[in-house]
Amino acid sequence: MNGPAFGGGLELAMACDVRVLVEGAEVGLVDVRDGTMPGAGGTLRLPRLIGEARAKELILFGRRVSAARAREIGLVNQVAAGAELVAAVDALVAELAACGPVAVRGAKAAIEYGHGRPFEEGLAFERERCETTLHEK
């Protein structure tokens, strides 16, 4: 994210698997300040990323957070200086591209499937994806 992201912009970013924010930018779900509320998944995604108590604080008060604070609370994965933003993203893309695509898809599916489910159910799905990965390698 090469600048501030508020409301729908942050909701879109939270739908991504990895978020890199430019140093000095602020982000927040500020909708309540205008008498509306997040409507594109913000009330669901933010608590999953940073925990319910912090998400309530940010959403209910319409608070903005700095790039450094967003990194600290897990809202973004990385903060990069403006001149280094593209290089930082390119490095992440290269690192991901070096991984096995079937394994990445399987791991992502297991993470998403297991979230909020009983541990044993998530573990069974993980083992199934692991087996698939071994055979599709």
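Author: Leaving aside residues up to four places away in sequence, Val27 touches Ala5, Phe6, Leu10, Leu21, Arg63, Arg64, Val65, Ala70 and Leu75, where a contact means heavy atoms within 4.5 Å. This is a predicted model, in which local features need pLDDT of at least 70 and side-chain atom pairs count only at pLDDT 80 or more, while totals for chains, interfaces and linings use all residues. Residues are numbered from 1 along each chain as its sequence is written, and side-chain values use heavy atoms, with hydrogens and water left out.

Val27 also belongs to the largest nonpolar core, which has 24 residues, and Val27 is listed with Leu10, Leu21, Leu46, Ile50, Ala70 and Leu75 as touching the most other members. Such a core is a set of buried Ala, Val, Leu, Ile, Met, Phe, Trp, Tyr and Cys residues joined through side-chain atoms within 4.5 Å; buried means under 20% relative accessible area, exposed over 50%, and partly exposed in between, with a 1.4 Å probe and protein chains only. At least two residues of this core come from each of helix 1 (8-14), strand 2 (20-22), helix 2 (42-50), helix 3 (52-61), helix 4 (67-72) and helix 5 (85-97). Helices (H or I, at least four residues) and strands (E, at least two) are DSSP runs, numbered from the N terminus. In soluble globular proteins, nonpolar side chains tend to be buried together.

Ala67 is found in helix 4 and is buried, with a relative accessible area of 3%. Not counting residues up to four places away in sequence, Ala67 touches Leu21, Val22, Glu23, Gly24, Ala25, Val76 and Val79. Although Ala67 and Ala25 are 42 residues apart along the chain, their C-alpha atoms are separated by 5.5 Å.

For the protein as a whole, residues 24 or more positions apart account for 57% of the contacts with a separation of 6 or more. Buried residues make up 31% of the 137 residues, and the C-alpha trace spans about 50 × 40 × 20 Å along its principal axes. The seven helices and five strands run β-α-β-β-α-α-β-α-β-α-α-α from the N terminus on.

Gly114 and Ala97 are 17 residues apart in sequence and 24 Å apart in space, C-alpha to C-alpha. Glu121 is found in helix 7 (residues 119-136) and counts as partly exposed at 32% relative accessibility; its C-alpha atom is separated by 39 Å from that of Asn2, 119 residues apart along the chain.

If a disulfide is taken as a pair of cysteine sulfur atoms within 2.5 Å, the count comes to zero disulfides. Cys99 is in no disulfide, and the nearest cysteine sulfur, that of Cys130, is 15 Å away, which is too far for a bond. Cys99 counts as partly exposed at 38% relative accessibility, and Cys130 likewise counts as partly exposed, at 42%.
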